[in-house]
Amino acid sequence: MQLVGIYATLTSGADSENGTYRGGLEDLVQAAKDGSVDIVYVALPLREEKQISETLRNLADTTATVHLVTDFFTYDLLHARWSMLGRLPVVSVYDSPFRGPAGLAKRTEDILVGSLILVIIALPLVVIALLVKVSSPGPVFFRQRRYGLNGREIRVLKFRTMSVCEDGPSIKQATKNDPRFTALGRILRRTSLDELPQFLQVLAGHMSIVGPRPHAVAHNEEYRVLIHGYMLRHKVKPGITGWAQVNGLRGETDDLSKMERRVQHDLDYIQNWNLLLDLKIIVLTIFGAKKSRNAV
């Protein structure tokens, strides 16, 4: 394919960095009629609806192949895809990657890998549960409301690591040297062993092994008004581990920019998901140097 040039409604004939300026749109139509242009990509902004319609109508009087390039990227697309609604083509602006075969592959991964991990950690689960029970007063497990797939409320299951079990409209975020930690709980948090019961929720279908880490409902409501696109991270199931966590973005978010970086990594994961990326995140969770960075 050879680029003939750029035809546009410009006031000067200056060359574009992407090609030579050949004239206006009327020159384009004439070039197509003359046979010197075989393929046309109409890349006018969507707001130029009248100009687009006129150009397409004029090009219908030629034999050129015409493609309409739409500037949907101005809308911060999240896993965009084309589909048909009856005879009407539509493009999704915010969508989940886990539809159809991809969704089946993701669920199969969760069941197979989750089952294998549960077999391996069965004995440690029992031992940790006994240690939590005898080391401090209170329940063995900690359950807290979080947002799951499509913002539906779920209750995550963890080993209790604190002397309190907060789940109200206002929750103080865990901090370094937090006095609410039990002696055992501090170790469980630093090693992420408190997360092990969540593999039961993976098999139940409430969570995935890999995905955006769920935040307490109180924190969701706080950050959704502060960070653009925050709730889009709930277009997929929450995960036990995620792209943000293996890049060291976990723990206390005492600065808004920390949460913004975490959310951006979550959205990047949704946008670029594939099974190999999941495998990479699982390996980095186990062996990565950044997995425990900022953990509290």
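The axes of helix 1 (residues 25–34) and helix 2 (residues 49–59) cross at roughly 20° and come within 10 Å. Axes here are lines fitted to C-alpha atoms, for helices over the stretch in contact, with angles running from 0 to 180 degrees between N-to-C directions. Helices (H or I, at least four residues) and strands (E, at least two) are DSSP runs, numbered from the N terminus. Helix 1 and helix 2 are therefore roughly parallel to each other. Angles under 35 degrees count as roughly parallel, over 145 as roughly antiparallel, 65 to 115 as roughly perpendicular and the rest as oblique. The crossing of helix 1 and helix 2 is right-handed. A crossing is right-handed if the near helix is turned clockwise from the far one by less than a right angle, and left-handed if anticlockwise.

From helix 1, Leu25, Leu28, Val29 and Ala32 meet Gln51, Thr55, Asn58 and Leu59 of helix 2. Contact means heavy atoms within 4.5 Å. By class, this contact of helix 1 with helix 2 has five nonpolar, three polar and no charged residues. Ala, Val, Leu, Ile, Met, Phe, Trp, Tyr, Cys and Pro count as nonpolar, Asp, Glu, Lys and Arg as charged, and the others, Gly among them, as polar.

The model is predicted: local features need pLDDT of at least 70, side-chain atom pairs count only at pLDDT 80 or more, and totals for chains, interfaces and linings use all residues. Residues are numbered from 1 along each chain as its sequence is written, and side-chain values use heavy atoms, with hydrogens and water left out.

Helix 3 supplies another packed pair. The axes of helix 3 (residues 101–135) and helix 9 (residues 275–287) come within 11 Å, crossing at roughly 25°. Helix 3 and helix 9 are therefore roughly parallel to each other. Their crossing is right-handed. Ala105, Lys106 and Glu109 of helix 3 make the contact with Leu275, Asp278 and Ile282 of helix 9. By class, the contact of helix 3 with helix 9 has three nonpolar, no polar and three charged residues.

Helix 3 also bends. A kink of about 55° lies at Ile121, shortly before the proline Pro124. The bend at a residue is the angle between axes fitted to the seven residues ending there and the seven starting there. Ile121 is one of the buried residues of helix 3, which also include Gly103, Asp110, Gly114, Leu118, Leu125, Ile128, Ala129 and Val132. Lys106 and Glu109 are buried too. Buried means under 20% relative accessible area, exposed over 50%, and partly exposed in between (1.4 Å probe, protein chains only). What covers the buried residues of helix 3 includes strand 8, helix 4, helix 5 (198–204), strand 9 (208–210), helix 8 (256–271) and helix 9.

Thr241 is found in strand 10 (residues 239–241). At 8% relative accessibility, Thr241 counts as buried. Beyond four places in sequence, Thr241 touches Ile209, Val210, Gly211, Arg213, Val246, Ile281 and Thr285.

Pro212 lies in the loop between strand 9 and helix 6 (217–223). Pro212 is buried, with a relative accessible area of 4%. Leaving out residues up to four places away in sequence, Pro212 touches Arg233, Val236, Lys237, Pro238, Gly239, Asp266, Tyr269 and Ile270. Pro212 and Leu193 are 19 residues apart in sequence and 18 Å apart in space, C-alpha to C-alpha.

Other loop residues follow. Lys172 lies in the loop between strand 8 (153–159) and helix 4 (183–191). His228 is placed in the loop between helix 6 and strand 10. For His228 and Leu188, 40 residues apart along the chain, the C-alpha separation is 33 Å.

Asn150 sits in the loop between strand 7 (141–147) and strand 8. Its phi is near 60°, a positive value in a residue other than glycine. Ser192 lies in the loop between helix 4 and helix 5. Ser192 has a positive phi of about 65° although it is not a glycine.

| Residue | Relative accessible area | Class |
|---|---|---|
| Lys172 | 52% | exposed |
| His228 | 65% | exposed |
| Asn150 | 43% | partly exposed |
| Ser192 | 22% | partly exposed |
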